[in-house]
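The sequence and structure come next.

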Amino acid sequence: MKTDLNTQRVNYDAIVAGAVMVGMDLFAGMLRQAQARCQTAVWVQGDNAAAPFADGSFHYITNQFSYPHVQNKPRFFAETYRLLQPDGRFVLTNIDLWAMPGWAIYRYFPAAWALDEQDFWPVEQLVEVLAGVGYGRVSYTHQHIPVPTRLADFRDDAAARHRTSQLMAIADADYAAGLAAIGHELQAMGDTAVIESEVCLITLVCEKFKEKNEWTILS
Ligand SMILES: C[S@@+](CC[C@H](N)C(=O)[O-])C[C@H]1O[C@@H](n2cnc3c(N)ncnc32)[C@H](O)[C@@H]1O
């Protein structure tokens, strides 16, 4: 079996023939969107930190772009370990806030950084907690992506506030201040101005060993 403990960004191309896919999310609205995107998976409403499945139900679990939203992260990681068969694998992918201070969102909306700091863990903390719940080997890779961005395009994206969860989470006054700062820079630099931005993805691969006799951390 294969599951995304959240919803849409399962790598459908990687589906093993014959595998049963199960996707889970806390909210019915998100599950409706996921269902529309993938009808071959079984979609289940539930909490990552108290998943409604028996021990050892899955060969592979993936979580993409949602661990920062989960309130009880240690409990969630322990659940992935419980749900995997021995020799199972858990893969977590997300942006790594700590490796992308130059993201344009953080530059113009510093309140978003202040909020994300509370929800995103540094990689050392992720590795420590994942090893602590039992994983025999935890390795991780970073993919750093420079993103030169037309400031006018960025302004248009930021103006569609709902597209970026960071912009939905900050106070209206902080959002308005960021939009105004972009507007001032555009006036000063002109409509064709290009700014440097960046994104950094982190992927952690966690192996559940048959025997709990050894653990390794690789980077
Ligand atoms: C940014 S969305 C990512 C969704 C999807 N994985 C994707 O990549 O598009 C974060 C998701 O985490 C879900 N979520 C937050 N806390 C959760 C929990 N405790 N259990 C299950 N899902 C949770 C939210 O409902 C939301 O759908």
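## Residues with positive phi

Phe65 is partly exposed, with 17 other C-beta atoms within 10 Å (20 or more count as buried, 12 or fewer as exposed, and values in between as partly exposed; C-beta atoms are placed from the backbone). Phe65 is found in the loop between S4 and H2, and has a positive phi of about 60° although it is not a glycine. Most residues other than glycine have a negative phi.

Asp87 lies in strand S5 and is exposed, having 11 other C-beta atoms within 10 Å.

## Basis of the model

This is a predicted model, in which local features need pLDDT of at least 70 and side-chain atom pairs count only at pLDDT 80 or more, while totals for chains, interfaces and linings use all residues. Residue numbers start from 1 along each chain as its sequence is written. Helices (H or I, at least four residues) and strands (E, at least two) are DSSP runs numbered from the N terminus.

## Helix H2

The buried residues of H2 (residues 73-83) are Phe76, Phe77, Glu79, Thr80 and Leu83. Seen down the helix axis, they fall within an arc of 155°, so they line one face of H2; the arc is that of the directions from the axis to the C-beta atoms. They pack against strand S4 (58-64), strand S5 (84-95) and helix H5 (123-132), with contact meaning C-beta atoms within 7 Å.

Conventions
Two residues are in contact if their C-beta atoms, placed from the backbone, lie within 7 Å.
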